[in-house]
Amino acid sequence: MIEIRGQQATDWQDVYAIRVLSPGGLPYIRPDWVKNELAQVPDRSWPLVAVAHLAEGEKTVARANIELGAGRRVHSADLSLEQHPELGQEAGRQLLGKAVEVAEKWLNRSRLAVRLPSTDESAIALYSSFGFVQEARLRQAVRLCGRLVDELLMARLTGAADQKAASWPPEGVIPVRSPGNQSHRPVYIRGGSAEDWEAYHRIWSQPSVYWGTLGIPFRSADVDRRRVQERPPERSWPLVAELDGRVVGNTGIHLDEHHRSHVGHIGMSVDEAYQGMGVGSALMAAVLDLADNWLGLRRLQLEVYADNDRAIRLYRKGGFETEGTMRSYVFRDGRFVDTLVMGRLVGQAAPGGRQKAADGEWGGGF
């Protein structure tokens, strides 16, 4: 008999055993990591377990987690499922069904997503049977058993998330862009610091910026200050662009970990008064230089709205390729918006190299 219930801290030993035995697990994982993880469940996580009543007693044989989205992704949740390779197959199916039910019917989530190694055919088939469809294939996104494999992004939509996305930009919201940096003033790129938080807040608060990112209107300066000043230094590499001594743009690399330690995630924003002046091109050149020549990353990844043509052109000139479309990924100005996943593997640099990009000749629109 299988019992499904909420996770308890005392489940940690069985969950540890599942991870050690799982073909896709991390070998030699520390037991105290798992124990601490189950003892300190984040506010936005909803973990469930499947308990099998065996002759020798009760045993947790599968674990699912519902990671709740926030802000403009409050309609979404990311799912994960771990199951004992010998005892957890049917329990895993039952548990996934219950997790989907809880997420959609009780937590009001209309988009559920999961990431799976492309080699895990049984998991892909399981999620497909619950209505998940492949949205993206992230090339060489995860390292398993000594080799890099692709990762599939699968999602299931219900209800409001199926409505048509609004077009971007809306008339009257985005100011007219500058015709470009006609004087060819040099854009200076340097590492970002905690003292830059006011410039970040100024840029992130602009309509054209929060329309193109996950930002929202009426941002709190205190929240942005903490966000900039409390970045984990071991995993974050922020860069800022200066023009005439003023911070006019920012980007950075957030390093992934464990199976994905070869992957970096980037984002970018440019002051709306300086868009079209080559600031984005200079930031792109610098972040590619950092990733390729200093951090030794094998893959860079980003997300961009499917209707943000200017940003997409810049990223493509930087060697990024579209790997899939996440449907109704973000809520923006009353509508759900599709989002592209774009990836760049080592060696996919823009024609002309980094100096050409630094001179602002890519024409990416930033």
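E323 sits in strand β13, which spans residues 321-332. The model is predicted. E323 counts as buried because its relative accessible area is 10%, under the 20% cut-off. The structure contains 26 salt bridges.

**Around E323**

- The side chain of E323 makes a polar contact of 2.6 Å with the side chain of R139.
- Beyond neighbours within four places in sequence, E323 touches the run E135, A136, R137, L138 and R139, among others.

**Salt bridge R327–E135**

- R327 and E135 form a salt bridge, with their closest N and O atoms 2.6 Å apart.
- This pair connects distant parts of the chain: R327 belongs to strand β13 and E135 to strand β6 (residues 133-144), 192 residues apart.
- R327 is partly exposed, at 28% relative accessibility.
- E135 is buried, with a relative accessible area of 8%.

**Salt bridge R202–D271**

- A salt bridge joins the side chains of R202 and D271, at 2.5 Å from N to O.
- Here too distant parts of the chain are linked: R202 is in helix α5 (residues 197-204), while D271 is in the loop between β11 (263-270) and α8 (279-293), 69 residues away.
- R202 is partly exposed at 24% relative accessibility.
- D271 is buried, at 3% relative accessible area.
- Elsewhere, salt bridges with shared partners join R19, E37, R63 and E82 into one network.

**Salt bridge R63–E82**

- Within this group, the side chains of R63 and E82 pair at 3.3 Å, N to O.
- R63 is buried, since its relative accessibility is 7%.
- Side chains of opposite charge can pair when their charged atoms come close.

**Helix α3**

- Helix α3 runs over residues 89-106, 18 residues in total.
- From first C-alpha to last, α3 reaches 25 Å, close to the 26 Å expected at 1.5 Å a residue.
- Its buried residues are A91, G92, L95, L96, A99, V100, V102, A103 and E104.
- N108 follows α3 and has a positive phi, near 60°.

Technical notes:
Residues numbered from 1 in each chain as written. Predicted model: local features only at pLDDT ≥ 70, side-chain atom pairs only at ≥ 80, totals over all residues. Heavy atoms only, no water. Helix = DSSP H or I, 4+ residues; strand = E, 2+ residues; numbered from the N terminus. Expected span 1.5 Å × (residues − 1). Buried < 20%, exposed > 50% of the residue type's maximum accessible area, 1.4 Å probe, protein only. Polar contact = N/O pair within 3.5 Å; in protein donor to acceptor, adjacent residues only side chain to side chain. Contact = heavy atoms within 4.5 Å. Salt bridge = Lys/Arg side-chain N within 4 Å of Asp/Glu carboxyl O.
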